[in-house]
Amino acid sequence: MGERRCERILVWFRRDLRAHDHAALYHALKDSRAVHCASVFDTELLQSLPRQDRRVEFIWDSISELRAALRRLGGGLSVLHGRMRNEVPRLAAALHVQAVYTNHDYEPDAVERDLAVERALVNHGIALRTFKDQVVFEKDEVLTRDGRPFSIFTAYRNAWLQRLAPF
């Protein structure tokens, strides 16, 4: 077994509400003696939705399924309501974690939010680590020999297949 890097880690679940095949959870379990899990109903997002939006019901059902899956595995899930940029750093500090692990989010608003969360975490001496999860390869992982994007699909496909590994 490898050496643990952190005593405590918080895994922040966002759009990736599943316990299986979850990169941040996998890395947290490898890197820490204690893993806490949380998800936040973000009031910034909720304010922009109609009062009875089916997406909120879907998210709630997904969080309920995630909570049940984590319980079956011997864990749990904290579900918070508020601004993610406030709630995640507050919970991380209260739990005395050394790091927050989450999966990359590519949406422009999410990138800005993640930077705000990271700044708040750093103020508490807590690291933010993100992991590739939603895609097989990110934009800079399959490039031509001279480091540029492919312009011919067949060449890209061949390079993509060569890089594919069974992780």
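Reply: Two elements are in contact here when heavy atoms lie within 4.5 Å. Angles run from 0 to 180 degrees between N-to-C directions. By these terms, H5 lies across E1, E2, E4 and E5, and runs at about 145° to E5. This is a predicted model.

Five strands form an open sheet in the order E3-E2-E1-E4-E5, with parallel pairing. Strand E3 (78–82) and strand E5 (127–131) stand at the edges. Each has a single partner strand, so one side of each is left without a neighbour in the sheet. On average, neighbouring strands are turned by 30° against each other, direction ignored.

Now E1, which stands between E2 and E4 in the strand order. Strands of a sheet pair through backbone hydrogen bonds, either parallel or antiparallel. On one side, seven bridges join E1 to E2, and the two run parallel. On the other, three bridges join E1 (residues 6–13) to E4 (residues 99–103), again parallel. Ile9 ties into both pairings. Its bridge partner in E2 is Val35. In E4, Ile9 stands opposite Ala99. How enclosed is E1? Six of its eight residues are buried, so the rest of the structure largely encloses E1. Buried here means under 20% relative accessible area. For the protein chain of 167 residues, the buried share is 38%.

The loop between E1 and H1 holds Asp21. Phi of Asp21 is near 50°, a positive value in a residue other than glycine. Asp21 counts as exposed because its relative accessibility is 65%, over the 50% cut-off. Further along, Lys30 sits in helix H1 (residues 23–31). At 43% relative accessible area, Lys30 is partly exposed. Lys30 and Arg5 are 25 residues apart in sequence, yet 8.8 Å apart in space, C-alpha to C-alpha.

His96 is found in the loop between H4 and E4. Phi of His96 is near 60°, again positive in a residue other than glycine. His96 is exposed, at 54% relative accessible area.

The largest pocket has a volume of about 690 Å³. It is lined by 27 residues, of which Arg15, Asp42, Leu45, Met84 and Arg113 are the closest to its centre. Strand E2 (32–42), helix H2 (43–46), helix H3 (54–72), helix H4 (84–95) and helix H5 (108–123) each give two or more residues to the lining. By class, the lining has 14 nonpolar, three polar and 10 charged residues.

From the N terminus on, they run β-α-β-α-α-β-α-β-α-β-α. Among contacts with a separation of 6 or more, residues 24 or more positions apart account for 76%.

Methods:
Residues are numbered from 1 along each chain as its sequence is written. This is a predicted model: local features need pLDDT of at least 70, side-chain atom pairs count only at pLDDT 80 or more; totals for chains, interfaces and linings use all residues. Side-chain values use heavy atoms; hydrogens and water are left out. On a 1 Å grid over the protein atoms alone, a cavity is a set of points where a 1.4 Å probe fits but cannot get out, and a pocket is an open set with protein on both sides within 12 Å along at least five of seven lines; lining residues have an atom within 4 Å of a point. Grid points are joined across faces, edges and corners, and a volume is the space filled by probe spheres set on the points. Helices (H or I, at least four residues) and strands (E, at least two) are DSSP runs, numbered from the N terminus. Ala, Val, Leu, Ile, Met, Phe, Trp, Tyr, Cys and Pro count as nonpolar, Asp, Glu, Lys and Arg as charged, and the others, Gly among them, as polar. Buried means under 20% relative accessible area, exposed over 50%, partly exposed in between (1.4 Å probe, protein chains only). Two strands pair if DSSP finds at least two bridges between them.
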